[in-house]
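Student: I have a model open and would like to go through it with you. Could we begin with the pocket and then turn to the helix packing?
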Amino acid sequence: MGFLIRLATTAVALWITTLIVPGVEVTGRSGYHSALTLVIVALIFGVVNAVVKPFIKVVGCVFYLLTLGLFALVVNALLFLLTDWIARLFDLPFHIEGFWAAFWGAIVMAVVTWLISVAVPDSADRR
């Protein structure tokens, strides 16, 4: 159940990001198609963060230390761009227009995901 809550949280955060950040967009044919695209992209984003991000943290730990953690913003933007690239491989109507859209989109995603997780804790938080 926790996985579904996190997936829904990420999908809603992604939807809000498309509303706030110019250059991050979902262009589905209908509301249902756009919602399905958001869920699939949220799943891709979760897999990318689970698989690639820990490796980058280990390899780039010196950059994290040298920049006092600001390098994480660049890493998150690049992971968001990687999600866009993978979504294009699956021919999903999700698009990010460049690094700066990905940079601000990743920041908005993080903040909105955090706000939603504060309001709706998953089952793992209740134990």
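Student: Which helices each supply at least two residues of the lining of the largest pocket?
Tutor: Please keep in mind that this is a predicted model. The helices are α1 (2–20), α2 and α5 (99–119), each of which supplies at least two lining residues.

Student: Which of them gives the most to the lining?
Tutor: Helix α2 does, with 7 residues.

Student: And what is the volume of the largest pocket?
Tutor: The volume is about 480 Å³. The lining comprises 24 residues, and those closest to the centre of the pocket are R6, T9, T10, G46 and T113.

Student: How do the lining residues divide by class?
Tutor: There are 13 nonpolar, 7 polar and 4 charged residues in the lining of the largest pocket.

Student: Turning to packing, at what angle do α2 and α4 meet?
Tutor: Helix α2 (residues 31–59) packs against helix α4 (residues 71–89) at about 135°, and their axes are 9 Å apart. That angle makes α2 oblique to α4.

Student: Is the crossing left-handed or right-handed?
Tutor: The crossing of α2 past α4 is right-handed.

Student: Which residues make the contact?
Tutor: On α2 they are V41, I44, F45, V48, N49, V52, K53 and I56. On α4 they are V75, N76, L79, F80, L82, T83, I86 and A87.

Student: How many of those are nonpolar, polar and charged?
Tutor: The contact of α2 with α4 has 12 nonpolar residues, together with 3 polar and 1 charged.

Note on methods
Residues are numbered from 1 along each chain as its sequence is written. This is a predicted model: local features need pLDDT of at least 70, side-chain atom pairs count only at pLDDT 80 or more; totals for chains, interfaces and linings use all residues. Side-chain values use heavy atoms; hydrogens and water are left out. Axes are lines fitted to C-alpha atoms, for helices over the stretch in contact, and angles run from 0 to 180 degrees between N-to-C directions. Helices (H or I, at least four residues) and strands (E, at least two) are DSSP runs, numbered from the N terminus. Angles under 35 degrees count as roughly parallel, over 145 as roughly antiparallel, 65 to 115 as roughly perpendicular and the rest as oblique. A crossing is left-handed if the near helix is turned anticlockwise from the far one by less than a right angle, and right-handed if clockwise. Contact means heavy atoms within 4.5 Å. Ala, Val, Leu, Ile, Met, Phe, Trp, Tyr, Cys and Pro count as nonpolar, Asp, Glu, Lys and Arg as charged, and the others, Gly among them, as polar. On a 1 Å grid over the protein atoms alone, a cavity is a set of points where a 1.4 Å probe fits but cannot get out, and a pocket is an open set with protein on both sides within 12 Å along at least five of seven lines; lining residues have an atom within 4 Å of a point. Grid points are joined across faces, edges and corners, and a volume is the space filled by probe spheres set on the points.
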